Amino acid sequence: MSEKLNQVGTQLSFSLYAAANRVVRLHKPYLEPLGLTFPQYLVILQLLNGSPLSVGALGTYLAMDAGTITPLLKRLEAAGLVTRRRDPADERRVLIDLTPQSRRLEADIRAITSKIKSACQLDEQGIEELRLTLDALAHPAAD
């Protein structure tokens, strides 16, 4: 039994899963006062980097399919943090934008990044190397 447990501990998948869970847990105390979940935070952060965005583009940036992102956006809209409107240039597209209420949270939302970096105990070079490695794993040049 011990040998099997040890084998699980050496799997890349296990390490990635454990690290992802830890990162989400690290965010929780900073997001709760803002009334945001981790996926909602990712949406708002992406929109702060440039909005409006179409639902499709937002889903692509965040690696979320329509079935995941649409209910998430509906909850953010109900909370008054985003607007959803049809693109006047293409009625098939829905554009997502931030509301004044969510823009007032920008400083608090952006401050979370430095708090998480500090909690990870990596220097800037280590963080950049880890990000590049994870990006390469998540988006390989050729599948």
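Biologist: What do the values rest on?

Modeller: The model is predicted, so local features need pLDDT of at least 70 and side-chain atom pairs count only at pLDDT 80 or more, while totals for chains, interfaces and linings use all residues. Residues are numbered from 1 along each chain as its sequence is written, and side-chain values use heavy atoms, with hydrogens and water left out.

Biologist: What makes residues 106-120 a helix, and what span does α7 reach against the expected one?

Modeller: Helices are DSSP runs of H or I with at least four residues, strands are runs of E with at least two, and both are numbered from the N terminus. Helix α7 has 15 residues.

Biologist: Why are the buried residues of α7 said to line one face?

Modeller: Buried means under 20% relative accessible area, exposed over 50%, and partly exposed in between, with a 1.4 Å probe and protein chains only. Ile 109, Ile 112 and Ile 116 are buried in α7. Down the axis of α7, its buried residues fall within an arc of 30 degrees, so they line one face; the arc is taken from the directions from the helix axis to the C-beta atoms. The face turned away carries the exposed residues Ala 107 and Ser 118.

Biologist: Which residues does Ile 109 touch?

Modeller: Contact means heavy atoms within 4.5 Å. Leaving out residues up to four places away in sequence, Ile 109 touches Leu 34, Leu 36, Tyr 41, Ile 44, Leu 45 and Leu 48.

Biologist: What makes a set of residues a nonpolar core?

Modeller: The members are buried Ala, Val, Leu, Ile, Met, Phe, Trp, Tyr and Cys residues joined through side-chain atoms within 4.5 Å. The largest such core has 28 residues, of which Leu 58 and Ile 109 touch the most other members. Helix α3 gives the most to this core, with six residues.

Biologist: How do you know that β2 and β3 pair?

Modeller: Two strands pair if DSSP finds at least two bridges between them. Six bridges join β2 (residues 82-87) to β3 (residues 90-98), and the strands run antiparallel. Arg 84 stands opposite Ile 96, and Thr 83 opposite Asp 97. With two residues between them, β2 and β3 form a hairpin.

Methods
The expected span of a helix is 1.5 Å times one less than its number of residues.
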